[in-house]
Amino acid sequence: MEQLNKSEVLILAIETSCDETAASVVKNGREVLSNVIYTQIALHTQFGGVVPEIASRKHIEKINQVIEQALQEAEVTLQEISAIAVTNGPGLVGALLVGVAEAKAISFAAGIPLVGVHHISGHISANYIEHKELEPPFVCLVASGGHSHLVVVKDYGQYDIIGRTRDDAAGEAFDKVARAIGLGYPGGPKIDGLSKEGNPDAIPFPRAKVAENEYDFSFSGLKSAVLNYLNSCRMKGEEVNRADVAASFQKAVIDVLVEHSLHAVKTYGYDKFAIAGGVASNSSLRAAFEQECGKRGIAFYHPSPVFCTDNAAMIGVAGYYEFIRGIRHGYDLNAVPNASL
Ligand code: KG4
Ligand code: ZN
């Protein structure tokens, strides 16, 4: 490992907001030296979704090991770390608490500054890792299991939420529809895969608009439409073409995400657009944005799939920008399950 010079800022980041136990070391906000993720997916699959109590317990069991591995892979010692960044919300409270308690303990024991990071700020900041030229301002669509936000990124760590979901998040809709057609958890990647064998125009599922705010989303009507379609097929004794259902549902979600996002980019007058969160790893969503942004001369950014789903590198990046603008948290830092951006 090269000799670190004093102007280099190394962030040790911890993320435990849901079902991934993750730690990472990030250099100068843009370079990921390690990115260790212990995923609990296999553990929760048998229950068809994340069981919060099981997630917390597994975080406790794995967190030390994951942090040690992150330091080892980055070839740095705790003494070289400039600050510890940790997701302190939003997320599952018990899961968040494990990361926050761990970060506070290391901060206290090793005398390293502590920085609490908002999970969504992390998702957005994942775009800075592989796009060294990307700087605010730009518009970002955050679509994950818990959130569907349209955000104006005014500056590093400075956000205006201009649209949000009124009911289900986009990822939540993927997970629920996947369960309904028997694909299991997590549904997003499974629908993504199965859709490639189906016809996206086979079933005309609705594209919901929210009258009060043109940037808001609503996915619960779409979810109900899929359930109704499945029921009516069953009643009529017709066989369900699962690939067509998956592809048509996915297209309905993507159409709405693309339309609202590009309308926002145009109205707010930006020429840069990014996507973030687990759903941003969807191959058809990326292709649709690639095409539509290309037509309009908008620069389109997206993280690699490993930086779209929950990881600690994104928390290290967001934490870096908080740290260099002087943000420090005390040992009263708490987990905030419904923290606003
Ligand atoms: O960002 P994330 O890892 O966790 C949250 O912060 O919620 O997002 C997880 C969500 C899940 O709902 C999952 O089904 C969805 O992202 N997801 C996908 C894909 N990969 C993950 N949705 C659609 N297509 C994918 N390829
Ligand atoms: Zn997330």
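Student: Let's begin with strand 2 (residues 20-27) and strand 3 (residues 31-39): do they pair in the parallel or the antiparallel sense?

Tutor: Keep in mind that this is a predicted model. Strand 2 and strand 3 pair in the antiparallel sense, over eight bridges. To check it by eye, find Val 26, which stands opposite Val 32 in strand 3.

Student: And what sits at the turn of that hairpin, how many residues are between the strands?

Tutor: Three residues lie between strand 2 and strand 3, and Asn 28 takes a positive phi near 50° in this hairpin.

Student: Now a lysine. Is Lys 58 buried or exposed?

Tutor: The cut-off for buried is under 20% relative accessible area. Lys 58 has 16% relative accessibility, so it counts as buried. Its place is in helix 2 (residues 52-74). Leaving aside neighbours within four places in sequence, Lys 58 is in contact with Thr 21, Tyr 38, Gln 40 and Leu 43.

Student: For contrast, how does Gln 79 count, buried or exposed?

Tutor: Exposed, at 67% relative accessibility. You'll find Gln 79 in the loop between helix 2 and strand 4. The C-alpha atoms of Gln 79 and Ala 335 are 26 Å from each other, with 256 residues separating them along the chain.

Student: On to the sheet. How many residues of strand 4 (residues 83-89) are buried?

Tutor: Seven of the seven, so strand 4 is largely enclosed by the rest of the structure. As a general idea, side chains in a regular strand alternate between the two faces of the sheet.

Student: Which sense does strand 4 have relative to strand 1 (residues 10-15), and how many bridges join them?

Tutor: They run parallel, joined by four bridges. One place to look is Ile 11, whose bridge partner in strand 4 is Ala 83. Strand 4 also pairs with strand 5 (residues 114-118), in the parallel sense over five bridges. There, Thr 87 has Val 117 as its bridge partner in strand 5.

Student: What handedness does the β-α-β unit of strand 4, helix 3 (residues 93-110) and strand 5 have?

Tutor: Trace the path from strand 4 through helix 3 to strand 5, and you have a right-handed unit.

Student: What does Leu 333 touch, if I skip residues up to four places away in sequence?

Tutor: Val 86, Asn 88, Val 100, Lys 104, Leu 114 and Gly 116. Leu 333 lies in the segment after helix 12, and it is buried, with a relative accessible area of 7%.

Student: Time for the metal. Which residues coordinate the zinc ion (ligand 2)?

Tutor: His 119 and His 123, each through NE2, and Asp 310 through OD, at 2.0 to 2.1 Å. In sequence these donor residues are spaced H-x3-H-x186-D. His 123 belongs to helix 4 (residues 119-125), while Asp 310 is in the loop between helix 11 (305-308) and helix 12 (313-324), so the pair ties together parts that are 187 residues apart in sequence.

Student: What arrangement do the four donor atoms around the zinc ion (ligand 2) make?

Tutor: Start from the ideal: four tetrahedral donors have angles of 109.5 degrees. Here the four donor atoms subtend angles of 95 to 132°, which makes the arrangement tetrahedral. As for burial, His 123 is buried with a relative accessible area of 1%, and Asp 310 counts as buried at 14%.

Student: Last one: in the largest nonpolar core, which residues touch the most other members?

Tutor: Phe 205, Phe 249, Phe 273 and Phe 289, in a core of 48 residues. Elements giving two or more residues to this core include strand 7 (148-155), helix 8 (220-236) and helix 10 (283-296). Helix 9 supplies the largest share, 13 residues. Leaving aside neighbours within four places in sequence, Phe 289 has contacts that include Leu 141, Leu 257, Phe 273 and Phe 300. Apart from this core lies another, of 35 residues, with Val 9, Ala 85, Phe 307 and Met 314 among them.

Terms used. Residues are numbered from 1 along each chain as its sequence is written. Chains are lettered from A and ligands numbered from 1 in the order in which they are written. This is a predicted model: local features need pLDDT of at least 70, side-chain atom pairs count only at pLDDT 80 or more; totals for chains, interfaces and linings use all residues. Side-chain values use heavy atoms; hydrogens and water are left out. Donors are N, O and S atoms within 2.8 Å of the metal (3.2 Å for Na, K and Ca); water is not among the atoms, so sites may look incomplete. Four donors count as tetrahedral if all angles lie between 85 and 135 degrees; four count as square planar and six as octahedral if opposite donors are over 155 degrees apart and all others between 65 and 115; anything else is irregular. Buried means under 20% relative accessible area, exposed over 50%, partly exposed in between (1.4 Å probe, protein chains only). Two strands pair if DSSP finds at least two bridges between them. A crossover is right-handed if, with the strands pointing away from the viewer, the path from the first strand over the helix to the second runs clockwise. A nonpolar core is a set of buried Ala, Val, Leu, Ile, Met, Phe, Trp, Tyr and Cys residues joined through side-chain atoms within 4.5 Å. Contact means heavy atoms within 4.5 Å.
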